[in-house]
Amino acid sequence: MTEQLTRGFVATDRDARCPFDPSERLAEMARREEPTRVRVFEREHGEVEVLTFHGYADVRALYNDPRLDHSFIPAPDGALETAQPGFFPRYHGADHARLRRMVAGSFTPKRVAQLRPRIDSIISDLLDEVEEAGPGVDLVTAYALPLPSIVIGEILGIPSAEHRDFDRMCAGIVDLSLPPEEAFKNFTRLNDYVGGLVAQNHNSPTDGLIGALVEQRHGEVSDEEIVGMVSALVLAGHETSASTIALSTLALMQQPDQLAVLLDDANSTADAAEELLRYMSVAGGFPRMATEDVTIGGHTVKAGEWVVASPLNANRDPQVVSGDPNVLDLTRAPIQVMTFGSGIHQCPGQHLARAELQMALTPLFRRFPGLRLAVPAEELSFHRFGPNVYALDALPVTW
């Protein structure tokens, strides 16, 4: 059977011998001077041809050029991902700026710093549950997935009693291996739940982003747009953070020298997290369409052509990464990673994602100093094809 690539292959196509490295196919594309034309399958559009860019300078230029934007790609009528009001990654120009501005204040470095004590508490509670369930658990479902979903629930104003139900709903919509009809049902379930919270906040605003949008932005944003904005935040930040935490845990269990660097208080946890974000590069991205002829790295993208960037390859470009870019080195001087994109569509939750990664790993390994795989490494299963995020299906561990 012929392999069917999706746009996510620029992140999920990894070396079978080392699950962290790009496949030889992706590595070979990065070595070419010209972008590579690839046919990929898009759920909304069917099979399409895209130009893939891999070098750091080219990827950054692509992200920062407003003439290349996914909001310009026509979508079939009724396509949920593009038609949903308020799903701001699919907007451009004034509407995108309006919607993004409304959520940006909840994810500033100052706001994230204020959240750190609460994140610490969530981490401690989750580790207590892991310890009680042990000495063996699936660390993806027990720790890596619940952490970001509970944190985003706190920001949104989800009632604490409903955090675990919200976590399950989040997990349902980010599982892109599901059949389209089941994924649609999960998405609808989340939208209905958030819509109910919006209605409740009209009567009694809560101390969270949903309550603030209802109370402070009345008339500037519709209820339907609030639902779409929340969906965008969940889709963009849930599985990516969870995947980076889980894959980083795997790498550190397999590389005790790097774990020792992380646990040494003399070293920068922030720099270590940047290196893990660079090395893992778990997310792909939306395809973008040129609204006019655009030159990227000396290559002309003609109006109407689709492009896709590979942050994975960009973050391993030897032109910008000191030493061997295919080696995890937590002492490496950090680069400005393309993991969160760049330009007007740069991930608004990047400071939160950084904080979660910085805070999640050290207490995990200090609580369980004997943490190790409970199965042979070759038995681990990864999302390699289909989704837009590279992730472990499960991470069975013991201690």
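**Pocket lining, sheet and local geometry in a predicted model**

The lining of the second largest pocket comprises 8 nonpolar, 7 polar and 11 charged residues, where Ala, Val, Leu, Ile, Met, Phe, Trp, Tyr, Cys and Pro count as nonpolar, Asp, Glu, Lys and Arg as charged, and the others, Gly among them, as polar. The structure is a predicted model, in which local features need pLDDT of at least 70 and side-chain atom pairs count only at pLDDT 80 or more, whereas totals for chains, interfaces and linings use all residues. Residues are numbered from 1 along each chain as its sequence is written, and side-chain values use heavy atoms, with hydrogens and water left out.

The volume of the second largest pocket is about 490 Å³, a volume being the space filled by probe spheres set on grid points that are joined across faces, edges and corners. A pocket is here an open set of points, on a 1 Å grid over the protein atoms alone, where a 1.4 Å probe fits, with protein on both sides within 12 Å along at least five of seven lines, and lining residues have an atom within 4 Å of a point. Of the 26 lining residues, Ala27, Ala30, Arg31, Asn313 and Pro318 lie nearest the centre of this pocket. Helix 2 (24-31) and strand 2 (46-53) each supply at least two residues of the lining, and helix 2 gives the most, with 5 residues; helices (H or I, at least four residues) and strands (E, at least two) are DSSP runs, numbered from the N terminus.

An open sheet of 3 strands shows the order 4-12-9 with antiparallel pairing, two strands being paired if DSSP finds at least two bridges between them. Strand 4 and strand 9 (372-373) stand at the edges, each with a single partner strand, so one side of each is left without a neighbour in the sheet. Strand 9 pairs with strand 12 (residues 396-398) in the antiparallel sense over 2 bridges, and leucine 373 has valine 397 in strand 12 as its bridge partner.

Across the whole structure, a search finds 4 aromatic pairs, for which rings of Phe, Tyr and Trp (its six-membered ring) must have centres within 6.5 Å, with planes under 30 degrees apart counted as stacked, over 60 as edge-to-face and the rest as tilted. One of these joins phenylalanine 368 and tryptophan 399, whose ring centres are 4.4 Å apart and whose planes stand at 40 degrees, so the pair is tilted. Phenylalanine 368 lies in the loop between helix 16 (350-367) and strand 9, and tryptophan 399 in the segment after strand 12, so the pair ties together parts that are 31 residues apart in sequence. Phenylalanine 368 is buried at 2% relative accessibility, whereas tryptophan 399 is partly exposed, at a relative accessible area of 24%; buried means under 20% relative accessible area, exposed over 50%, and partly exposed in between (1.4 Å probe, protein chains only). For phenylalanine 382 and tyrosine 390, the ring centres are 5.5 Å apart and the planes at 5 degrees, so the pair is stacked, and both residues are buried.

Most residues other than glycine have a negative phi, and most peptide bonds are trans. Serine 281, although not a glycine, has a positive phi of about 40 degrees; serine 281 lies in the loop between helix 14 (269-280) and strand 5 (288-290) and is buried at 2% relative accessibility. The peptide bond from glycine 134 to proline 135 is cis, with omega near 15 degrees.
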